[in-house]
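Have the sequence and the 3D view open as you read.

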Amino acid sequence: MKRGPVQTTLLVAAALVLGIMILLPFLWALSASLQTESALFERPPHWVPDPATTENYKYVFTGDVPQAYEVRGLLRSPVTQEARTLPDGLRNSFIVAFFVVLINLVLGALAAYTFARERFRGGQAAFVFILGSRLLPAVAVAIPIYMILRELGLLDTKLSLVLVHSAFTLPFTIWVLTLYFQSLPREMEEAARVDGATRFDALRYVVLPLAAPGLAAVGAFAFLFSYSEFMFALLTTSTTNAKTVPVMISAISVNPDASYTLIAVGIILSVAAPMALALVFRRYITSGLVASLTRE
Amino acid sequence: MAVATATRPAKRFRRSSLYTWGTILPVLALVSLFTLFPFVYAAVNSTRQRILTIPYHQPFVGLENYREVISSDTFGVAVRNTLVFALLTVPTVTALGLGVALLLNQRVRGFGVLVALVLLPWSIPLVSAGIMWRLLLHGNFGSLNGLLMQLGIIDSYVPWLSDPDKAMGAVAMAHVWREFPLPTILFLAGLQTITPEILEAAWLDRATAWQRFRYVTLPLLKAPLLIVLVYETMIAVSVFDLVYVLTGGGPGTSTTLFSWYAYTATFKFLNLGQGAALSFLMTAALLIVIVIYMRLIRLREESA
């Protein structure tokens, strides 16, 4: 089954097409974010920004209106204050996602360890209940959740997003970690218990260090879910106090006063963190995905 | 004496179950508050007239909400659009995922970089992916138009997203781009469990490349295939974020998918009863699809 030079060439060509297919949307958004509005509308398109400018980014972070936008008359490019809220959105997204990850790791690991090692009345039912909760589509529970948050006075707070996102990510976390803990050998924990360690100690000092790859995987998933979640963030937030990045860029993108170059800046700012995370954690993410989806 | 011996194990049991339930209760509480309770609430809503613009009149109407949404014009359109969307995307995503996995499974120098790149579309927020594709597909400056024109395939810019005949295809394309990484990874993992010796044996038996794929590789990928089909159908039927930023269900109703319809019934027309009824219909449809897939795969297994 040796490959000839023709086959190798074909494989490399297919790989190139794939690479372009994956990267083209990213590269075009990056290119658009570095152009002036008038250059963006020229035909044929400038694949490489010409003239290249970082003024769109500068505007988002400092409020200096790009020179190109100060042209008077019909040629004046639209610019919107809304784009200036992006840094707040990034901050909110990071804070919310950080606490969602924290809650997933702490509560998820505690519960998963119990599910993995204990047999107790009601345990099976609780496990099935927690996992089954994810079968409901988000639309079905959106309104009642809105009502609950309103009753609790939690609308437009980061806390409400942390709670909702945690409720939506914990089932998956517990599923993956339970499988992970079950795959670890029991002997070391039992030895620790004989030496007088409590179950919490065994989890803390024996199991968790061994389970680091599993924890990294579920942490990455929880972060990506929370960072990307759109519907609940859209429904429950209304000010820069809690609006997350997806809500902000969707608002900017449907705002007729927003220049396309600023929309492109929004895209680049919103995808940078998750892309970096996916690249750094890719080994854990792939093994976590495979383990969670292919085992019974 | 008898009492003392009877209580000792009981006490031990109680202390251990304190830890046991203590570790589970926080999760149970969160999940109940944000899924069980909303579920019951929505179930009750779906049998009442609940329109927020008529707040003090909420009679019990039985299955009237279900009857009304099913007989509405938009319902038929939304069901048809969702079916079209699922038929466009699920086979494409699955086939593309399988193709890319087969490609990446070849040992060629530099392919490691590609495996890393594949995760990128999946990692970013759906909203970002949608807006990214809006920039690509824009009718006035989109780079796709520019590219096709430079290649001489089209001779004027095409408004991909504002033409009712093309909008669905455009949304499907963005969806496929975003969704193919997950199947790719699952299939790749499946392929890596197939030892080269099996394929080598088939090759020695003069099986063609297609035969090796059809009779050796494919049967061994049954488990990931089932998972991909179920998962991608669920995703296709409940797609929402993409429609929100790409088309808003339009032009007209050309991209009004089921979840978008449920969303507008609930949040635009503030008819909570009908919105809840629609979401339950959607959940039921999903469960039916999952059961059908499982049956199909099992039948195949038995006949094979």
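Met168(B) sits in helix H8 of chain B, which covers residues 164-179; helices here (H or I, at least four residues) and strands (E, at least two) are DSSP runs, numbered from the N terminus. Before going further, a word on the ground rules: this is a predicted model, where local features need pLDDT of at least 70, side-chain atom pairs count only at pLDDT 80 or more, and totals for chains, interfaces and linings use all residues. Residues are numbered from 1 along each chain as its sequence is written, while chains are lettered from A and ligands numbered from 1 in the order in which they are written.

The scale calls a residue buried at 20 or more other C-beta atoms within 10 Å of its own, exposed at 12 or fewer, and partly exposed in between, with C-beta atoms placed from the backbone. Leaving aside residues up to four places away in sequence, Met168(B) touches Asn81(B), Val84(B), Phe85(B), Ser254(B) and Thr255(B); two residues are in contact if their C-beta atoms, placed from the backbone, lie within 7 Å. Gly249(B) is 81 residues away along the chain, yet its C-alpha atom is 9.5 Å from that of Met168(B).

Now zoom out to the chain around it. Chain B has 15 helices and zero strands. With a radius of gyration of 26 Å, well over the 19 Å that the globule rule gives for 304 residues, chain B is more spread out than a compact globule. The radius is taken over C-alpha atoms, and the rule is 2.2 Å times the number of residues to the power 0.38. Along the principal axes, the C-alpha atoms of chain B fill a box of roughly 85 × 60 × 40 Å. Of its 304 residues, 38% count as buried. Among contacts in chain B with a separation of 6 or more, 69% join residues 24 or more positions apart.

Next comes the partner. Here 75 residues of chain B are in contact with 73 residues of chain A. On the chain B side, helix H1 (residues 2-45) gives the largest share, 19 residues. That side has 55 nonpolar, 17 polar and three charged residues, where Ala, Val, Leu, Ile, Met, Phe, Trp, Tyr, Cys and Pro count as nonpolar, Asp, Glu, Lys and Arg as charged, and the others, Gly among them, as polar.

Chain A itself is split by the domain assignment (automatic or from a database) into domain 1 (5-82) and domain 2 (84-294). Their centres, taken over C-alpha atoms, are 32 Å apart. The contact between them takes 19 residues from domain 1 of chain A and 17 residues from domain 2 of chain A. On the domain 1 side, helix H1 (5-33), helix H2 (37-40) and helix H3 (55-62) of chain A each give two or more residues.

Finally, two loop residues deserve a look. Most residues other than glycine have a negative phi. Asp156(A), in the loop between helix H6 (138-151) and helix H7 (158-183) of chain A, has a positive phi near 60°. Arg206(B) has a positive phi near 65°, and lies in the loop between helix H10 (196-204) and helix H11 (209-220) of chain B. Asp156(A) is partly exposed, with 16 other C-beta atoms within 10 Å, whereas Arg206(B) is exposed, with 7.
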